[in-house]
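Thanks for coming. I will go through one model today, from its surface to its cores and then its salt bridges.

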Amino acid sequence: MLDHRLDHEYEQLRRTVEEFSQDVVAPKIGDFYEQGEFPYEIIREMGRMGLFGLPFPEEYGGMGGDYFALGLVLEELARVDSSVAITLEAAVSLGAMPIYRFGTEEQKRTWLPKLTSGEMLGAFGLTEPEGGSDAGATRTTARFDEATNEWVINGTKCFITNSGTEITGLVTVTALTEPIARSSEGGTESSPSREISSIIVPTGTPGFQVSKKYSKVGWNASDTRELSFTDCRVPAENLLGPRGRGYAQFLRILDEGRIAIAALSTGLAQGCVDESLKYAGERRAFGRPIGANQIIQFKLADMEMRAHTARLAWRDAASRLLHNEPFKKEAAIAKLYASEAAVDNAREATQIHGGYGFMNEFPVARFWRDSKILEIGEGTSEVQRMLIARELGMKY
């Protein structure tokens, strides 16, 4: 019989982060959010708690946990604030995980201890201004200079999380390396093939320019910037994994990341329930709490249903990942459903709060602003539906 209850260690972790979110994050994050400031104080505390090292082995400074544990933490953080949650998600799933999954032993020992401690943040440079969902259409180039044994990178990346903080240490970028010739089955004829590779670029490298922060609708306490590379040179040993495997690498990273975003989305959806339930009991209209009205009760019931279903979806996908089972379809389902649940719940929570839901002093206003990007980042809802259809065998 299936048992969806958490074991003692998972539940203890969840409770610890729940208390941290309520006691540390909740009282402070509103000011950071409204001022558009990165919450270094909160991030440092998360580092001391070991949250940035959760799914990594102890030999690299990690906590020896797993991706399921990361999902639990992201959900609890996002119940209070998504800026903090996405900072952790991007640092782990996009910053450190590519190095752990595909790096050499030297790369792991050089970078992971600082990344897993939270002393340093990493970023993942994939999206480009003219690429969007078509990540395979990379235009950033990396030319290998044999004379100096260096990669020379030119191009632009956009919407990159954690790329310009005071503690950002590296960005892993995908770049079009020189095409390779592949022979056809018939013999001597060859045809060029796009070759995408991943390369680690430390911050401060000459030719690596970080633009000013975007003016965003939401996630205002997280760091998001455009990056440009102009004859940016890094050593040959900064190539991450085999040359030409960058496309396959980021597909794997995005599959895993979708589970994390689904967990984060679930947290936002649940946070909407939490705040609306409290408000419905406190707010009085026409002589009684608004929660006495059936329309409010039905809204809350639907919101709880969506959060509950989203939680089951991301936990199922995470479980498949941990058991080395195929999880691409389940990750896409979880990300699609949970992100749309977050948007729906944020809309309903704002409606329940009425005019106060439009005031930034109330968390639901922040939830409303933060929710929409969840249907876009790490694969739009349209991309998720495309992936699910393909996994069903619809490859016409």
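Which residues make a nonpolar surface patch of about 350 Å²? They are Tyr356, Phe358 and Met359. Patches here are made of residues with over 30% relative accessible area and no salt bridge, like charges being joined within 9 Å and nonpolar side chains (Val, Leu, Ile, Met, Phe, Trp, Tyr) within 5 Å. Accessible areas come from the Shrake-Rupley method with a 1.4 Å probe, and for residues only the protein chains shown count as cover.

Before going on, the basis. This is a predicted model, in which local features need pLDDT of at least 70 and side-chain atom pairs count only at pLDDT 80 or more, while totals for chains, interfaces and linings use all residues. Residues are numbered from 1 along each chain as its sequence is written, and side-chain values use heavy atoms, with hydrogens and water left out.

Back to Met359. It sits in the loop between helix H8 (328-353) and helix H9 (363-371); helices (H or I, at least four residues) and strands (E, at least two) are DSSP runs, numbered from the N terminus. Met359 has 36% relative accessibility and counts as partly exposed, where buried means under 20% relative accessible area, exposed over 50%, and partly exposed in between (1.4 Å probe, protein chains only).

Next, the interior. A nonpolar core is a set of buried Ala, Val, Leu, Ile, Met, Phe, Trp, Tyr and Cys residues joined through side-chain atoms within 4.5 Å. The largest one has 86 residues, and Met46, Leu77, Leu88, Ile259 and Trp314 have the most contacts inside it. Helix H6 (residues 246-282) gives the largest share of this core, 14 residues. A second, separate core has 16 residues, among them Ile153 and Leu227.

Now the charges. There are 31 salt bridges in the structure, each a side-chain nitrogen of Lys or Arg within 4 Å of a carboxyl oxygen of Asp or Glu. One joins Glu256 and Arg101, at 2.9 Å from N to O. Glu256 lies in helix H6 and Arg101 in helix H4 (residues 82-102), so the pair ties together parts 155 residues apart in sequence. Glu256 is buried at 1% relative accessible area, whereas Arg101 is partly exposed at 34%.

Arg243 and Glu195 form another, at 2.7 Å from N to O. Here Glu195 is buried at 5% and Arg243 is partly exposed at 37%.

Last, salt bridges that share partners join Glu11, Arg14, Arg15, Glu18, Glu76, Arg79 and Asp274 into one network.
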